[in-house]
Amino acid sequence: MIEKLRLQARGGEAVNLGTVAGAVLAPGDYPIMPDYTANDLVSAAGGLSESADLTTVELRRIRRGVIGNVEVDYSDINFDRFGELERVKLQSRDHITVRQIPDWNPDDTIEIRGEVYYPGTYVISPGDTLSNIVQRAGGLTELGFAEGAVFTRQTAAQLERERAAEYASDILRAYSSRLLTEETTTSTMAEVIEITQQLEDVEGVGRILIDLPAAIDGEDSADYVVEDGDVLSIPRRSSTVTVVGEVKETATHVYQQGLLVKDYIDLSAGVSERADEKGIYIVRANGSNLLYGSRDRRRWWRFDVGRTLVLEPGDTIVVPVDSQHKESLVQWRDMTQIIYQGLVSVAAIARL
């Protein structure tokens, strides 16, 4: 019917159509009759949706100028002022836009798990923050460990997946370019494809590091605004420190105030021969990483200004492997080879 109305309009005649868009139940083009008002057009579109902003709507009107040119006017029609929406008479090609409330989504939710009094899924509104959600969930229980809270976000997980896919594409592109040059390649195409496939299959965790204790205490900079699909998990209070990696005995120890990193490593029977002692780092309960090793001790202070090297409950000490480690026998063989070659060179020079 809409197409017939367009075809029936004779040359120079107006097409009896109006358009409505935005927060209505059925946006689109509709026939307009003589004396039709803006309210009639909104009604033809099924009326307003829940998300409609009940202040003003925008009217775009096309008209022909004095010199024959086409001019476009925009005006706002007030919903509440003396029935203005019913008094505005429509013309051909009028376009009405019903604005939507910003960030409107009545179904947005966040899930809070673990040590709160009322865990579950909560409907959120624009502007809700972490502290609001914790408060609505009844606050933390006596066993709640705010320092170890885990906060995940779907959009962050999606971004991780996209970045992993981009990295995989870069690896494949770099390897393909290397094949066209005289550069040396130590990997096969099958190995590269396997690596890129693993990157493309990355699901993404979406964890965002938060300081929940500060947020609960009212620090605005730590109190993040939540989004639909967020998950906040509050674990039970931890009283242990875990040591993993290149130690002789991987273990979890009872936290003792005042013990340092070295003390807990000693409780794990010390580091192994393959340990990279300069690369030791600590994973805090909230997921942040702090470099402890002497390779760059200043980095600790840059991340943890004002604190000593005393650990906190829930921390994990990671002792990485030294990628340049050589067994003693191999090391002595290399040294013997170097000494032998040096002696041969000296003997050759002496014969000259």
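Let me start with strands E11 and E15. E11, residues 240–245, pairs with E15, residues 316–319, in the parallel sense over four bridges. Val244 stands opposite Val318 in E15. Two strands count as paired if DSSP finds at least two bridges between them. Strands (E, at least two residues) and helices (H or I, at least four) are DSSP runs, numbered from the N terminus.

This is a predicted model: local features need pLDDT of at least 70, side-chain atom pairs count only at pLDDT 80 or more, and totals for chains, interfaces and linings use all residues. Residues are numbered from 1 along each chain as its sequence is written, and side-chain values use heavy atoms, with hydrogens and water left out.

Now the whole sheet. It is open, with five strands in the order E12-E11-E15-E13-E14, and the pairing is mixed. E12 (251–254) and E14 (289–291) are at the edges with a single partner strand each, so one side of each has no neighbour in the sheet. From one strand to the next, the twist averages 20°.

Next, two helices. H5 (residues 154–179) and H6 (residues 189–200) pack at an angle of about 165°, their axes 8 Å apart. Therefore H5 is roughly antiparallel to H6; that term is for angles over 145 degrees. Axes are lines fitted to C-alpha atoms, for helices over the stretch in contact, and angles run from 0 to 180 degrees between N-to-C directions.

Which residues make the contact? Among them are Ala164, Tyr167 and Leu172 of H5, and Met189, Val192 and Glu200 of H6. Contact means heavy atoms within 4.5 Å.

Note on methods
Parallel < 35°, antiparallel > 145°, perpendicular 65-115°, else oblique.
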